[in-house]
Amino acid sequence: MALCRRIFLSLILVVLMTVSASASPLVLFDEGHGQMFSRERAGELDLSRLSALFEEAGARVVTGRIALIDPLLQKVDALVISGPFASYSQSEIEVIHRFLNRGGRLAVMLHIGPPAARLLNSLGMAVSNGVVREREGVLAENPLDFVVPRLTPHPLTEGLADFSIYGSW
């Protein structure tokens, strides 16, 4: 499972660190939507290790605890949304779309789906309230944990034959 986490964090890092050729990209961790897991704490589900990966790669990392507005995202290269428990307002969703249209990068990680559902739906992604139970590639006879062996060619999957998922919605 530790290897799976490292691969997952590495994939997120690759996506977010391709933000621009400029020095010291700025990564904003949103913690203004009831997030239980913080980049400033070191618990198992907290984000301090992910934050440290960005910093080791030369990024500046900050935390936002207010509503997402244009001035907040103006100089940000990448936005990390992890485990919101409060929904994003329509105006925040519009701000995120403008951010993406300017070339900003976005990583969304869910703890529960509904608070991020409107945002993700606006980006063409569906959110489910149920867990994924796989029938193929099951790990340790638990259908919630499985191997994903068929990967679409993409810079994120280059060099990967497969990856494992442990509990997915």
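**Basis and confidence**

Residues are numbered from 1 along each chain as its sequence is written, and side-chain values use heavy atoms, with hydrogens and water left out. Because the model is predicted, local features need pLDDT of at least 70 and side-chain atom pairs count only at pLDDT 80 or more, whereas totals for chains, interfaces and linings use all residues.

The pLDDT is the predictor's confidence in each residue, from 0 to 100. Its mean over the chain is 86, and 86% of the residues reach 70 or more. Helices (H or I, at least four residues) and strands (E, at least two) are DSSP runs, numbered from the N terminus. Among these elements, the lowest mean pLDDT, 48, belongs to helix 1 (residues 2-17), and the highest, 98, to helix 4 (residues 90-101). Over residues 1-10 the pLDDT stays under 50, and the model has eight contacts (heavy atoms within 4.5 Å) beyond four places in sequence for them. The pLDDT is also below 50 over residues 17-21, a stretch with 10 contacts beyond near neighbours in sequence. Where pLDDT is low, the predicted coordinates should not be read in detail.

Buried means under 20% relative accessible area, exposed over 50% and partly exposed in between (1.4 Å probe, protein chains only). Five of the five residues of strand 1 are buried, so this strand is largely enclosed by the rest of the structure. Leu-26, Leu-28 and Asp-30 point one way from strand 1, while Val-27 and Phe-29 point the other way. Strands pair if DSSP finds at least two bridges between them; strand 1 runs parallel to strand 2 (residues 60-64), joined by five bridges. In strand 2, Gly-64 stands opposite Asp-30.

In helix 2, the buried residues are Leu-50, Ser-51 and Phe-54. They cover an arc (of the directions from the helix axis to the C-beta atoms) of only 100°, which puts them on the same side of helix 2. Just after this helix, Gly-58 has a positive phi of about 100°.

Rings of Phe, Tyr and Trp (its six-membered ring) pair if their centres lie within 6.5 Å; planes under 30 degrees apart count as stacked, over 60 as edge-to-face and the rest as tilted. The count comes to one aromatic pair. The ring centres of Phe-29 and Phe-54 are 5.9 Å apart and their planes stand at 70°, so the pair is edge-to-face. Phe-29 lies in strand 1 and Phe-54 in helix 2, so the pair ties together parts that are 25 residues apart in sequence.

| Residue | Element | Relative accessible area |
|---|---|---|
| Phe-29 | strand 1 (residues 26-30) | 1% |
| Phe-54 | helix 2 (residues 48-56) | 0% |

**Helix 4**

Helix 4 has 12 residues and reaches 16 Å from first to last C-alpha, close to the 16 Å expected (1.5 Å times one less than the number of residues). Its buried residues are Glu-92, Ile-93, Val-95, Ile-96 and Phe-99. They fall within an arc of 155° seen down the axis, so they line one face of helix 4. Their cover includes helix 3 (70-73), strand 3 (78-82), strand 4 (105-109) and helix 5 (114-122). Gly-103, which follows helix 4, has a positive phi near 105°.

Three strands form an open sheet in the order 5-6-7, with antiparallel pairing. Strand 5 (138-139) and strand 7 (163-166) stand at the edges with a single partner strand each, so one side of each is left without a neighbour in the sheet. Four bridges pair strand 6 (residues 142-148) with strand 7, where Tyr-166 is the bridge partner of Asp-145.
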